[in-house]
Amino acid sequence: MSISLLLEMAVSNDPDRLAVVCGETRMTTGGLDELVGGGAGVIATSGAEHVAYVGAGGVLLPVLLLSCARASRPFTPLNYRLSADALLELIGRLPAPLVVVDAEYLDVVAGLGKRVVTSDEFLSAARAADPVSAFTDPDAAAVVLFTSGTTSRPKAVELSHNNLTSYVTGTVEFAAADPGDGALICVPPYHIAGVGAALSNLYAGRKMVYLPNFEAREWIRLVGAECITTATVVPTMLDRIVTVLAREPVGLPTLRNLAYGGSKVPLPLVRRALDLLPGVGFANAYGLTETSSTIAVLTPDDHRAALHAIDDAAIRRLGSVGQPVAGVEVQIRADDGRPLEPGQTGELFVRGDQVSGRYAEIGSVLDAEGWFPTRDLAFVDDHGYLFIQGRSDDTIIRGGENIAPAEIEDVLLEHPAVHDCVVVGVADAQWGQITVAIVVPGEGTDPGAEELRDHVRERLRGSRTPDRVVFRSELPTNSTGKVLRRELINDLQSATKEPA
Amino acid sequence: MIKNGTRLQSQVCDTQVIVVRTAESLDGLRAGGSAMVPVGGQSDPAASLDPEFSDGNLMGKRYVDETGAEVLVTKAGAGTLTIGTAALTIKEAKPLPASD
C-alpha cells in the first residue's frame with residue numbers, strides 16, 4: 001500500500017487534530033492533507049522525476065515526503081551539512097530531480113543546473129496549486145536515502161511504499177495515541193528515523209513537534225512547553241541532555257518514553273539517564289536505513305527488568321537492543337553461512353516485509369530466501385535478546401585473532417575516568433593489526449594509559465589489552481553520532497609513518 | 001487471487017479495506033453479508049446490510065482469517081467482515097513503545 005494511505009486514514013479519522021508543530025507553524029491533519037495535495041500538484045507539473053531536499057527539516061519533511069508519494073515520485077532528503085561537492089555528487093546521481101532547498105543553503109546548489117526552488121517558494125506554490133493524486137505502484141521507491149558512507153561511497157537505499165507501510169502498520173497501532181500526546185522530533189530529515197518518525201507518529205495520531213537544529217536546553221524547554229510525551233534521540237543528543245540535566249535538574253513530568261538509537265550508546269550513559277529520569281520509560285531502538293528503521297526494541301519494561309535483575313544474563317540485557325519487532329526474523333550466521341546457536345557471534349541477517357535491501361545502481365542484495373546481510377556482528381541470548389557487536393568491517397585481526405572493538409570498548413567505558421572511547425585496528429608489521437584505544441577522559445580526570453590497559457587486562461583475555469592508548473578531547477562523529485573510525489585510523493596510520 | 005494492495009469497499013456500509021496479505025479465501029470476503037467490491041466499483045442497489053452481520057469493524061485494525069489472509073480497515077463501517085459466513089478476527093499487535 002502507498003504511504004499516502006496513512007495520511008488519508010489520519011484525515012478521515014480526525015481532520016482537526018493538531019498534527020505538525022514547528023516554530024510558529026501549527027498544522028492539523030486536514031491542513032497537512034491540503035498542503036500535500038497542492039505539493040503533489042507542484043511536483044507533478046514540474047516535470048521532475050525525483051525530488052531532493054536540502055534543508056534542516058521541520059514541516060518540510062512530512063509535507064515533501066507525502067507530496068512526493070501523492071505525485072508518485074521518489075523523495076530524497078539530503079544531508080545539508082555535506083560539502084557543496086559532496087551534495088552535487090549525490091544530486092547528480094538522481095534522475096531529473098526537482099531540488100527543494102532551505103534559503104540558507106541556496107548558494108550550495110545554485111550552480112547545479114537543476115530545477116531548484118526554495119522551501120518557502122515550494123510551500124507558497126503548494127498552497128496555490130490544484131491538488132493532484134497520482135496512481136502509485138506500491139513496490140516502487142517512496143524514499144531513496146543515501147547511507148552515511150563512513151567507510152565507503154554512499155549507497156542509495158530504495159525504500160518502497162510497501163516496505164514503509166509494512167513497518168508502520170506492523171509496529172504502530174492506528175490512532176492509539178492519547179489526545180494531547182506529542183512526539184519531539186530532532187533526528188535529522190535525511191536519517192531513516194526522520195522518515196519513520198513522520199509516518200509512525202502521523203499514523204499513531206501523535207502531534208509531531210519539530211526541533212530542526214538540536215540544542216539540549218531548547219529540547220528540554222520544548223518538552224515542557226509542548227507537553228511532550230515521547231521523543232527519540234541519537235547518543236550524542238542523549239549525552240548533552242544528560243549533561244544539562246545533571247547540572248540544572250528539571251522535571252520532565254509529561255515525558256513517558258525516551259527512545260535512543262542511531263548508533264551504540266555507552267552503558268554508563270544509559271544508567272545515568274535512567275537515574276536522572278526515573279519516571280521515563282527508555283527504549284533502545286535498533287535498525288538500519290535498509291530495514292525501514294526499527295527492527296528490534298529494548299522496551300521500557302526490559303530496561304527496568306535488567307536494572308533490577310540479579311543474575312548476570314539478565315543484567316547484561318541493558319546492553320542489548322531487545323527483541324525483533326513483529327514481522328521481522330533474525331538469523332546469526334557464521335562466515336560459511338551456517339546458522340549459529342545462541343551466544344555465538346556472527347553476522348546478523350534479517351528478513352521481513354519492511355526490509356528493502358535494494359540499492360539504486362546495484363539492485364537487491366537479498367539472498368534467495370529473502371535474507372538481508374546487515375554487516376553487523378551480533379549474537380542472541382537464550383531468551384532471544386539481540387546484542388550488536390559493531391560493524392563486521394570494523395573487526396580487528398591481530399595476530400590472526402578476530403577482535404570485535406565493542407568488546408574492549410564496553411570494558412573501557414566502565415572505567416570511571418573514561419567519558420567516551422573507540423577501539424580501532426592500525427596496520428602493524430609484526431601483528432598485521434594492533435589495537436589502539438582512543439579515549440576521551442571524563443571532565444576533571446587524567447587517566448594514564450597504563451592504568452586503562454590494566455583495567456582491560458584484569459577483565460578480558462590478554463589479546464584484548466589495547467596495544468596503545470591515546471587521548472583526545474572528543475571523537476570525530478557524523479551528525480547522527482556515528483564515530484568516524486576511518487578518520488581516526490587514517491590519522492593514526494599517518495602519525496606512525498612519520499620518522500621517529 | 002486478489003492482489004496485495006487491492007482496495008475494496010462494502011456494498012452495504014461505509015467499510016473500506018486494503019489487502020495486506022492475500023490468500024485464496026479473500027475471494028469470499030464480505031462486509032455486512034455482501035461481497036466486497038473494488039473501490040469505485042458498482043454496488044448492487046438491491047443489496048442491504050444483513051442484521052446477522054452488523055457487528056461493525058474498527059478503523060485502522062488488521063483483520064485476519066485462519067489461512068493467514070490479512071486486511072486493514074481504512075474506513076470503518078457497520079458490517080461485519082467475514083469470509084463466507086465466518087467472521088474475521090482482529091490481529092492483536094504487541095504494543096511497542098514509540099521508537100522514532
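1. In what order do the four strands of the open sheet in chain A follow one another? In this predicted model, the order is β16-β17-β20-β21, and the pairing is antiparallel. The edges are taken by β16 (329-333) and β21 (386-391) of chain A, each of which has a single partner strand, so that one side of each is left without a neighbour in the sheet. On average, and with direction ignored, neighbouring strands of this sheet are turned by 45° against each other.

2. Within that sheet, strand β17 (residues 346-351) of chain A pairs with strand β20 (residues 372-380) of chain A over four bridges, in the antiparallel sense.

3. R375(A), which is found in strand β20 of chain A, has a positive phi of about 65° although it is not a glycine. With 14 other C-beta atoms within 10 Å, R375(A) counts as partly exposed. E361(A) is likewise not a glycine and has a positive phi, here of about 75°, but its place is the loop between β18 (358-359) and β19 (363-364) of chain A. Is E361(A) buried or exposed? E361(A) has 7 C-beta neighbours inside 10 Å and therefore counts as exposed, the cut-off for that class being 12 or fewer.

4. The domain assignment divides chain A into domain 1 (4-304), domain 2 (327-392) and domain 3 (395-497). The centres of domain 1 and domain 2 of chain A, taken over C-alpha atoms, are separated by 26 Å, and 19 residues of domain 1 are in contact with 17 residues of domain 2. On the side of domain 1 of chain A that touches domain 2, the elements that give two or more residues are β8 (156-160), α7 (161-171), β13 (281-288) and β14 (293-298) of chain A. By class, that side of domain 1 has nine nonpolar, seven polar and three charged residues.

5. Helix α2 (residues 29-46) of chain A has 18 residues and reaches 25 Å from its first C-alpha to its last, which is close to the 26 Å expected at 1.5 Å a residue. The helix α2(A) is mostly covered, with 13 of its 18 residues buried. After α2(A) comes G47(A), whose phi is positive, near 80°.

6. How many residues of chain B are in contact with chain A? There are 16 of them, and they meet 31 residues of chain A. Strand β7 (residues 70-75) of chain B gives the most to this side of chain B, with three residues. The residues on the side of chain B that touches chain A divide into eight nonpolar, four polar and four charged.

7. Chain B has an open sheet of six strands, in the order β5-β1-β2-β7-β6-β10 and with antiparallel pairing. At its edges stand β5 (37-38) and β10 (89-90) of chain B, each with a single partner strand, so one side of each has no neighbour in the sheet. Strand β6 (residues 62-64) of chain B is joined to β10(B) by two bridges, the strands running antiparallel, and V64(B) stands opposite T89(B) in β10(B).

Methods
Residues are numbered from 1 along each chain as its sequence is written. Chains are lettered from A and ligands numbered from 1 in the order in which they are written. This is a predicted model: local features need pLDDT of at least 70, side-chain atom pairs count only at pLDDT 80 or more; totals for chains, interfaces and linings use all residues. Two residues are in contact if their C-beta atoms, placed from the backbone, lie within 7 Å. Ala, Val, Leu, Ile, Met, Phe, Trp, Tyr, Cys and Pro count as nonpolar, Asp, Glu, Lys and Arg as charged, and the others, Gly among them, as polar. Two strands pair if DSSP finds at least two bridges between them. Axes are lines fitted to C-alpha atoms, for helices over the stretch in contact, and angles run from 0 to 180 degrees between N-to-C directions. A residue is buried if 20 or more other C-beta atoms lie within 10 Å of its own, exposed if 12 or fewer, and partly exposed in between; C-beta atoms are placed from the backbone. Domain bounds come from an automatic or database domain assignment. The expected span of a helix is 1.5 Å times one less than its number of residues.
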